[in-house]
Amino acid sequence: MTAAPPAASRIAVVTGASSGIGAATARQLAAAGYRVVLTARRKDRIEALAQELTAAGHSATAYPLDVTDRAAVDEFATAFRTLAVLVNNAGGAFGADPVASGDPEDWRRMYETNVIGTLNVTQALLPALTASGDGTIVVVSSTAGHATYEGGAGYVAAKHGEHVLAETLRLEIVGTPVRVIEIAPGMVRTDEFALTRFGGDAEKAAKVYQGVAEPLTADDVADTITWAVTRPSHVNVDLLVLRPRAQASNTKVHREL
C-alpha cells in the first residue's frame, strides 16, 4: 500500500468555521499541516480567521457558504478534484421548549442546519474525498444525539438524525478509501452556542454552565477531532463521546453552587 501524502499537501474543509468548535478545529488542523478551507455564512469572521492563520505561516482560504443552500454547496464542491478531510461542524440549537409548546420553525431550522446541511456538503464532496484515496469525513454531533433530555426534543431529534446519517454512511461506503468519524461532545462552553439557543438571553445562557467548574472548551473538542483525523489511515474512530469530568450524562451534572 502507498503511504498517504503528508498533511501539508492535503486540504481540509471545515464548515461552521466562524466561531466555537469550527474555528478552533480550523486552527488545529492548520497547525497539523493541513491546507484549511473555512466555510460559514459570516464572511467577515472566516476571512479574519484565514488572515490570522496565513499570518502564522499556515495555508487557509475563506469561502462564505450556507450549508442549507444546495446550489451554493454544489458550486463550492466544483473547486475540489481531491479532498482529504471534511469536518461537518455547521449546526446549532434553537429553543429549549417542551414538545407541547415547541416552535415548529425552531425544529425545522435545527433539522435543516444539522442534518440537511451535513447531507448537502457530504454528498457534494464525497467524490473528491474518494478520489483522494485517503479521505476522512468527520460529523460533529452531540451527546444529545444519543440520549434525550427535557426541553431538548428538537435538538435531540436533529442530532440523532446526524448520528444516524454518519452511522449509515459508514455502512454504505465500507470498502472505499474514506473513513467516517463521529465526534459527540457533551457540555461545551463557547461564546455563542447557549446564547443562540436562548435567543440572545445571556442570563439563561449562563445558567447552562452555572456551578460547573470546567465545562469542555472548543479547543478540547478541536483537539479530539484533530487526533481522530490524524490517526493512521487504517484506524477509524467510529464514535467518540467526550464530556467534562463534571458531567456523567445529559441530565447528571455536578454543580458547585
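Modeller: A residue is called buried when its relative accessible area is under 20%, and exposed when that area is over 50%. The model discussed here is predicted.

Colleague: Is Gly 145 buried or exposed?

Modeller: Gly 145 is located in the loop between strand E5 (135–140) and helix H5 (153–172). The cut-off for a buried residue is under 20%. Because its relative accessible area is 5%, Gly 145 is classed as buried.

Colleague: Which residues is Gly 145 in contact with, leaving aside its neighbours within four places in sequence?

Modeller: A contact requires heavy atoms within 4.5 Å. With the neighbours within four places in sequence left aside, the contacts of Gly 145 are Val 156, Lys 159, His 160 and His 163.

Colleague: How far apart in space are Gly 145 and Leu 126, C-alpha to C-alpha?

Modeller: Along the sequence, Gly 145 and Leu 126 are separated by 19 residues. In space, the C-alpha to C-alpha distance between Gly 145 and Leu 126 is 23 Å.

Colleague: Which residues have the most contacts inside the largest nonpolar core?

Modeller: In soluble globular proteins, nonpolar side chains tend to be buried together. The largest nonpolar core in this model has 36 residues. Apart from that core lies another of 24 residues, including Phe 80 and Leu 83. Within the largest core, the residues with the most contacts are Val 36, Leu 38, Ile 183 and Ile 225.

Colleague: How many residues apart are Asp 134 and Arg 10?

Modeller: The side chains of Asp 134 and Arg 10 form a salt bridge, at 3.3 Å from N to O. The pair joins distant parts of the chain, with Asp 134 in the loop between helix H4 (104–131) and E5, and Arg 10 in the segment before strand E1 (11–14). Both Asp 134 and Arg 10 are buried.

Colleague: Which helices does the salt bridge between Glu 52 and Arg 27 bring together?

Modeller: The side chains of Glu 52 and Arg 27 meet at 2.8 Å, N to O. Glu 52 is partly exposed at 38% relative accessibility, and Arg 27 is partly exposed at 36%. Because Glu 52 lies in residues 43–55 and Arg 27 in residues 20–31, the pair ties together parts 25 residues apart in sequence, namely helices H2 and H1.

Colleague: In which helix do Glu 47 and Lys 43 both lie?

Modeller: The side chains of Glu 47 and Lys 43 meet in a salt bridge of 2.9 Å, N to O. Glu 47 and Lys 43 are four residues apart, about one turn of the helix, and both lie in helix H2.

Definitions and conventions. Residues are numbered from 1 along each chain as its sequence is written. This is a predicted model: local features need pLDDT of at least 70, side-chain atom pairs count only at pLDDT 80 or more; totals for chains, interfaces and linings use all residues. Side-chain values use heavy atoms; hydrogens and water are left out. Helices (H or I, at least four residues) and strands (E, at least two) are DSSP runs, numbered from the N terminus. Buried means under 20% relative accessible area, exposed over 50%, partly exposed in between (1.4 Å probe, protein chains only). A nonpolar core is a set of buried Ala, Val, Leu, Ile, Met, Phe, Trp, Tyr and Cys residues joined through side-chain atoms within 4.5 Å. A salt bridge is a side-chain nitrogen of Lys or Arg within 4 Å of a carboxyl oxygen of Asp or Glu.
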